[in-house]
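Subject: Structure handover and findings

Hello,

I am passing on the structure we spoke about.

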Amino acid sequence: MIPNLLKSSKNNLKNISKIRNNFSFNNNQKQIILISSNNIIKSSPNSSGSNLFSNQNNKNKNKNNICFNNNNNNKRFYSSSIKPTQFENLINKASELINESRFEEAIKSLNAAIEIQPLDANAYALRADTLEFLGRYDEAILDYEKILRFLPQSIPCYSSLASCFYNKGEIDRAIRYFEQILIIDPNYIPANGFLGDIYLKKGDLSKSLEYYKNVLKVQPDSVIGLVGLGSLALKQNNKKDAIKIFRQVIKLGEGKPISFFQTSVSAASGEKSIYQNDTKFKGSIESNPIYIAHVSLAHIYYNELNAVDALKQFNKVIEYNPNNSNALALASTLKQQDGQLGEALETIDKSLELDPSSDFSKSIKADILYDLERFEEAVPLFKELLAGFLQGENPDPEKALPRLSVLHNLILSYAHLSAQFPQVIDFNEISRKIDPTTELEQLSKIPETLFELNASCRHWVKFFQRLSQSVYISGTVQREFSDLMLEFFQSIALAASEIVQINHREMQNQSENPILQDYEMEKMLFEYYTDLTFSILNNNNNNNNNNNNNNNNNNNNNNNNNNNNN
């Protein structure tokens, strides 16, 4: 009888990345320039509270305001031999190309404009924004530094430089630029918000809180500050406040399309603009504060085992970002728990299409296939996961529990597959293959410890290896069963070894909270071993008894014949 044991649960949730790299808002003096994934949005140095990621036109902008501040640095430089309209036409063309996401063509147009007017900050600014948006940070930095030669106090340029250095991994240099901005304008929201994020990531919670408070002091309903506070509360394990804050952020986004919070207008626009059209960059959804709030709530509810609310939030996340493979994977587990196995399998397949190498998604699919009783499909996935965990001479001790979880589910799958064979397998035939002089004693021994269990399983592995290699013909049901038993015993041996290693490490570390607080896994291994060996050896004993009975019958027949002859 195969024990009816539940599959072990998986706790390897991935932490969601929280840093929001895009900030923008409009004001009545200077307009933002750019939004991009992992990028800071530029705004005016005197901004004091407005809409985040606004795509509204700014009616009171100076026509020369790209990367400009409020100093009298708005002087345009034109070559006397070239008509300004040619330069302006190239800028307008670049703006149209950017709006059509034809960025490389836009850069060529801006290159031509800069050749005409090498001292004009507008073309440099738009080219720098485009290069930054494309992730070509070194080139963008060169252009921003040129603009600072014209405008040494330009906050938008400092903000862009900070963004570029942050995305290059030069965090300390980015911090210095943001701090420089706050010397010029302590109320500049993007710099305060981003510094709050940086220090939150560094684990300096008090400093992070200080910057988020600065944001909310300037703009009480700023989603930059609110999302930061929510993330800070989550870092402090204050889930109740985090949920309240993230819900408030989502409410602030009601009535607006999600793109409203990730699209910004670049280049000057308005009645006095030299540009015919606003130049718009659509940033990454990952930086969208409303999206971040939904993602955060989804993970909070998931970890609290609130499946209904978690699935609602994950569905919203997937609606906004169908390419979020992690959200698809976690949503599939919730559907699996709810018994929606068909939908769960469809969802996890979408996740694996986006990220075919994800072990997390593979493990979820294997579990779903197990629940669907499609064991032959589940086993190869479990084996692939196990092979990955066992790579190298010394497998990572930190992955001991995932390895044990996969082994557990693999053993359960083998148990179900083996249950299909007894109707067609002659155990008497198998038992007759046991050599009573060399193998019977070893195979009949009842293990009492995990060490003995491991050794006994390996004896059985060798036995079935011999059957598969020398006795049973490939393609026969006997060979298929022998191969299955070989892997079955091998998996039990590996699981026993993992438990031994886990227990040994915990004894060395004197762990107060042991990973394996009960011995259900150990009991399961011994039960499987006992069931398997009993089904084989019992038939062997029956076979021997039958042989003895036959011999006795033959002896009796011989005696009767002798008596009759007498």
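What follows is a short account of what was found, going from the whole chain to single residues.

**Overall picture**

Please keep in mind that this is a predicted model. The protein chain contains 22 helices and 2 strands. Of its 566 residues, 50% are buried. Among contacts in the chain with a separation of 6 or more, 65% are between residues 24 or more positions apart.

**Helices H5 and H6**

The axes of H5 and H6 come within 7 Å and cross at roughly 165°. Angles over 145 degrees count as roughly antiparallel, and H5 and H6 are therefore roughly antiparallel to each other. The crossing of H5 past H6 is left-handed. On the H5 side the contact is made by Ile155, Tyr158, Ser159, Leu161, Ala162, Ser163, Phe165 and Tyr166. The H6 side contributes Ile171, Arg173, Ala174, Tyr177, Phe178, Gln180, Ile181 and Ile184. Sorted by class, the residues of this contact are 12 nonpolar, 3 polar and 1 charged.

**Aromatic pairs**

How many aromatic pairs does a search of the whole structure find? The search gives 17. One of them is formed by tyrosine 158 and tyrosine 177, a tilted pair with 6.0 Å from centre to centre and 40° between the planes. Tyrosine 158 is in helix H5 (residues 155–167) and tyrosine 177 is in helix H6 (residues 171–184), so this pair ties together parts that are 19 residues apart in sequence. Tyrosine 158 counts as buried, at 13% relative accessibility. Tyrosine 177 is buried as well, with a relative accessible area of 17%.

Tyrosine 177 also pairs with phenylalanine 165: the ring centres are 5.6 Å apart and the planes are at 5°, so the pair is stacked. The cut-off here is that planes under 30 degrees apart count as stacked. Phenylalanine 165 lies in helix H5 and tyrosine 177 in helix H6, so this pair ties together parts that are 12 residues apart in sequence. Phenylalanine 165 is buried, at a relative accessible area of 3%.

Elsewhere in the chain, ring pairs join Trp460, Phe463, Phe464, Phe489 and Tyr529 into a cluster.

**Helices H17 and H21**

Helix H17 (residues 400–418) packs with helix H21 (residues 477–509) at an angle of about 155°, and their axes are 9 Å apart. That angle makes H17 roughly antiparallel to H21. H17 passes H21 in a crossing that is left-handed. From H17, the contact involves Ala400, Arg403, Leu404, Leu407, Leu410, Ile411, Tyr414, Ala415, Leu417 and Ser418. From H21, the residues are Leu484, Met485, Glu487, Phe488, Ser491, Ile492, Leu494, Ala495, Glu498, Ile499, Ile502 and Arg505. The contact of H17 with H21 has 16 nonpolar, 2 polar and 4 charged residues.

**Loops with a positive phi**

Serine 101 is not a glycine, yet has a positive phi of about 60°. Where is serine 101 found? Its place is the loop between helix H1 (84–99) and helix H2 (103–116).

Asparagine 237, again not a glycine, has a positive phi of about 65°. Asparagine 237 is in the loop between helix H9 (223–235) and helix H10 (239–252). Is asparagine 237 buried or exposed? Asparagine 237 is exposed, with a relative accessible area of 57%.

Isoleucine 285 sits in the loop between strand S2 (279–282) and helix H11 (289–303). At 12% relative accessibility, this isoleucine counts as buried. Isoleucine 285 and valine 317 are 32 residues apart in sequence, and their C-alpha atoms are 9.9 Å apart in space.

Leucine 311 belongs to helix H12 (residues 307–320). Leucine 311 is buried, at a relative accessible area of 15%. Tyrosine 301 is 10 residues from leucine 311 in sequence and 8.6 Å from leucine 311 in space, C-alpha to C-alpha. Leaving aside residues up to four places away in sequence, leucine 311 touches Ala331, Leu334 and Lys335.

Regards

Notes:
Residues are numbered from 1 along each chain as its sequence is written. This is a predicted model: local features need pLDDT of at least 70, side-chain atom pairs count only at pLDDT 80 or more; totals for chains, interfaces and linings use all residues. Side-chain values use heavy atoms; hydrogens and water are left out. Rings of Phe, Tyr and Trp (its six-membered ring) pair if their centres lie within 6.5 Å; planes under 30 degrees apart count as stacked, over 60 as edge-to-face and the rest as tilted. Helices (H or I, at least four residues) and strands (E, at least two) are DSSP runs, numbered from the N terminus. Buried means under 20% relative accessible area, exposed over 50%, partly exposed in between (1.4 Å probe, protein chains only). Axes are lines fitted to C-alpha atoms, for helices over the stretch in contact, and angles run from 0 to 180 degrees between N-to-C directions. Angles under 35 degrees count as roughly parallel, over 145 as roughly antiparallel, 65 to 115 as roughly perpendicular and the rest as oblique. A crossing is left-handed if the near helix is turned anticlockwise from the far one by less than a right angle, and right-handed if clockwise. Contact means heavy atoms within 4.5 Å. Ala, Val, Leu, Ile, Met, Phe, Trp, Tyr, Cys and Pro count as nonpolar, Asp, Glu, Lys and Arg as charged, and the others, Gly among them, as polar.
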